[in-house]
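Colleague: I would like to learn how to read this model feature by feature. Could we go through it together?

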Amino acid sequence: MIIAGSGRYPLLLAQCARAAGVKKIYAAAFERETDREIEKLADSVTWMRVGQMGKLLTCLKDSGAKHTVMAGQIAPNNLFDLRPDLKALMMLAKIPKRNAESLFGAIAKAIEEIGLEVLPATTFLDEHVASEGPIAGPKLKPRELEDIQYGHSIAKEVSRLDIGQTVVVKNGTVLAVEAFEGTNEAILRGGALGRGGATMVKVSKPNQDLRFDVPVIGPATLKKAAEAKLRTIAVEAGKTIILDREETAAMAVKSGITIFGVKS
């Protein structure tokens, strides 16, 4: 069972699961979030509003599935406009800090209590996980490599504080820090301040629970990076998923943007 959020990620997961020999794929999909393409890739899809926790758990239990994977994001504004049902309200009342980690952790616990195992979000996606070192694009200069290391250390600290997982830096200066607005807005803000040539660094949280909230980049990220005239996109090796890897690499080469994998 795929709990499918927005973007290409749930679609890629369905394709890779099918290629790996999974015979039955069910999906729980969300209105205003999940791509309708999921209906062509899954055997059965149940649509619901964000916040219908009772319906989600019933869907999971009735499917007969033994395993589930959370894939794709839910837009922050929808998390605040989720019109929670009674089950969700009861769950929210027990969570002191309503951030992504605590929310999805509570959901995972509720799912496991009805008998399903929540698998890592990277399941079936080994070929799409970022490797260490150059991944695509031009060779980097020493100054740019220094910005990657600096940005990585800052992003790790910011993520430890549960603010965001992305920073934009240039020449040793932090230009933008991702917060509630999301990665794309942070890219555009940092790019505008840097006036070209900045470096974006995206990391996982310390002690990241790989069942959810795994860092992801893809064509949409490259499009925003090109618009912001970034020079480099650095991601955490072994913990970041690259969607549509060939297309993403081709876009990087065309835009003169280097994608680089950093080992923690």
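Colleague: At roughly what angle do the axes of α3 and helix α5 cross?

Modeller: First, the ground rules. This is a predicted model: local features need pLDDT of at least 70, side-chain atom pairs count only at pLDDT 80 or more, and totals for chains, interfaces and linings use all residues. Residues are numbered from 1 along each chain as its sequence is written, and side-chain values use heavy atoms, with hydrogens and water left out. Now the idea. Two packed helices are described by the angle between their axes and the distance between the axes. Axes are lines fitted to C-alpha atoms, for helices over the stretch in contact, and angles run from 0 to 180 degrees between N-to-C directions. Helices (H or I, at least four residues) and strands (E, at least two) are DSSP runs, numbered from the N terminus. Here, the axes of α3 and α5 (residues 86–93) cross at roughly 105 degrees and come within 5 Å. The two helices are therefore roughly perpendicular (65 to 115 degrees).

Colleague: Which residues of α3 and α5 make the contact?

Modeller: Contact means heavy atoms within 4.5 Å. From α3 come Met 53, Gly 54 and Leu 57; from α5 come Lys 87, Ala 88 and Met 91. By class, that is four nonpolar, one polar and one charged. Ala, Val, Leu, Ile, Met, Phe, Trp, Tyr, Cys and Pro count as nonpolar, Asp, Glu, Lys and Arg as charged, and the others, Gly among them, as polar.

Colleague: Now the sheets. What is the strand order in the open sheet of five strands?

Modeller: Strands of a sheet pair through backbone hydrogen bonds, either parallel or antiparallel. Two strands pair if DSSP finds at least two bridges between them. The order is β3-β2-β1-β4-β5, and the pairing is parallel. β3 (44–48) and β5 (117–118) are the edges; each has a single partner strand, so one side of each lacks a neighbour in the sheet. Inside the sheet, three bridges join β1 (residues 2–4) to β4 (residues 67–71). Ala 4 has Ala 71 of β4 as its bridge partner.

Colleague: What is the order in the six-strand sheet?

Modeller: It reads β6-β13-β11-β9-β7-β8, an open sheet with mixed pairing. The edge strands are β6 (133–136) and β8 (173–177). The twist averages 25 degrees from one strand to the next. β7 (residues 166–170) and β8 run antiparallel, joined by four bridges. Val 167 stands opposite Val 177 in β8. Across β7, β8 and β9 (199–202) lies helix α8 (residues 183–194), at about 145 degrees to β8.

Colleague: Which phi values are positive in residues other than glycine?

Modeller: Two cases are worth a look. Phe 124 has a phi of about 75 degrees and sits in the loop between β5 and β6. Asn 207 has a phi near 55 degrees and belongs to the loop between β9 and β10 (216–217).

Colleague: Is Asn 207 buried or exposed?

Modeller: Buried means under 20% relative accessible area, exposed over 50%, partly exposed in between (1.4 Å probe, protein chains only). Asn 207 is exposed, because its relative accessible area is 77%. Phe 124, at 37%, is partly exposed.

Colleague: How many disulfides does a search of the whole structure find?

Modeller: A disulfide is a pair of cysteine sulfur atoms within 2.5 Å. The search finds zero. Cys 16 is buried, at 15% relative accessibility. Cys 59 is also buried, at 10%.

Key
Angles under 35 degrees count as roughly parallel, over 145 as roughly antiparallel, 65 to 115 as roughly perpendicular and the rest as oblique.
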